[in-house]
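Me: I'm new to this structure and would like to learn how to read its packing. Could you walk me through it?

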Amino acid sequence: MKKIEAIIKPFKLDEVREALSEIGINGLTVTEVKGFGRQKGHTELYRGAEYVVDFLPKVKIELVLADDLVERAIESIVAVARTGKIGDGKIFVTAVEQVVRIRTGETNEEAI
């Protein structure tokens with residue numbers, strides 16, 4: 001099992017969710033986050049005063065999958081979330097040792 005964490009632009013969330021649903025992935029967790037990388041924020045004007053916005057709004061999607069779905073999930077996220085502009089985001093994949101569904105006690109693959 002693997003955990004995928006994808007940091008994407010907020011307006012791409014619905015498209016990514018739909019793309020994942022099309023390949024049979026139904027469960028995911030979404031968190032609104034802020035951050036910066038190469039984009040390094042931007043300058044905005046508010047009531048005549050300029051100020052720097054260091055942390056840009058992003059969305060973090062987390063999902064745990066069977067190993068055989070990981071590559072398809074990554075391909076789907078990249079295909080839909082890519083705008084070709086700086087700040088499109090990143091995908092992190094890590095190993096998951098154990099999963100337990102609290103309600104039923106199911107473990108690992110059955111709990112996903």
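Me: Which residues does V16 touch, not counting those up to four places away in sequence?

Reply: Keep in mind that this model is predicted. Setting aside residues up to four places away in sequence, V16 touches I8, I61, I77, V80 and A81.

Me: Which residues of α1 are buried?

Reply: V16, A19 and L20 are buried in α1. Looking down the axis of α1, you find its buried residues within an arc of 100°, so they line one face of the helix. Those buried residues pack against β1, β5 and α2. After α1 comes G24, with a positive phi near 95°.

Me: How should I read a nonpolar core?

Reply: Here is the general idea: in soluble globular proteins, nonpolar side chains tend to be buried together. In this model, the largest nonpolar core has 18 residues, and the members touching the most others are I4, I8, V16, L20 and I77. At least two residues of this core come from each of β1 (2-8), α1 (13-22), β5 (56-65) and α2. The biggest contribution is from α2, which gives six residues.

Me: Is A73 buried or exposed?

Reply: A73 sits in helix α2, residues 70-81. Its relative accessible area is 0%, so A73 counts as buried.

Me: What is A73 in contact with, leaving aside neighbours within four places in sequence?

Reply: A73 is in contact with I4, L20, I23, I25 and L65 once those neighbours are left aside.

How values were computed. Residues are numbered from 1 along each chain as its sequence is written. This is a predicted model: local features need pLDDT of at least 70, side-chain atom pairs count only at pLDDT 80 or more; totals for chains, interfaces and linings use all residues. Side-chain values use heavy atoms; hydrogens and water are left out. Helices (H or I, at least four residues) and strands (E, at least two) are DSSP runs, numbered from the N terminus. Buried means under 20% relative accessible area, exposed over 50%, partly exposed in between (1.4 Å probe, protein chains only). Contact means heavy atoms within 4.5 Å. A nonpolar core is a set of buried Ala, Val, Leu, Ile, Met, Phe, Trp, Tyr and Cys residues joined through side-chain atoms within 4.5 Å. The arc is that of the directions from the helix axis to the C-beta atoms.
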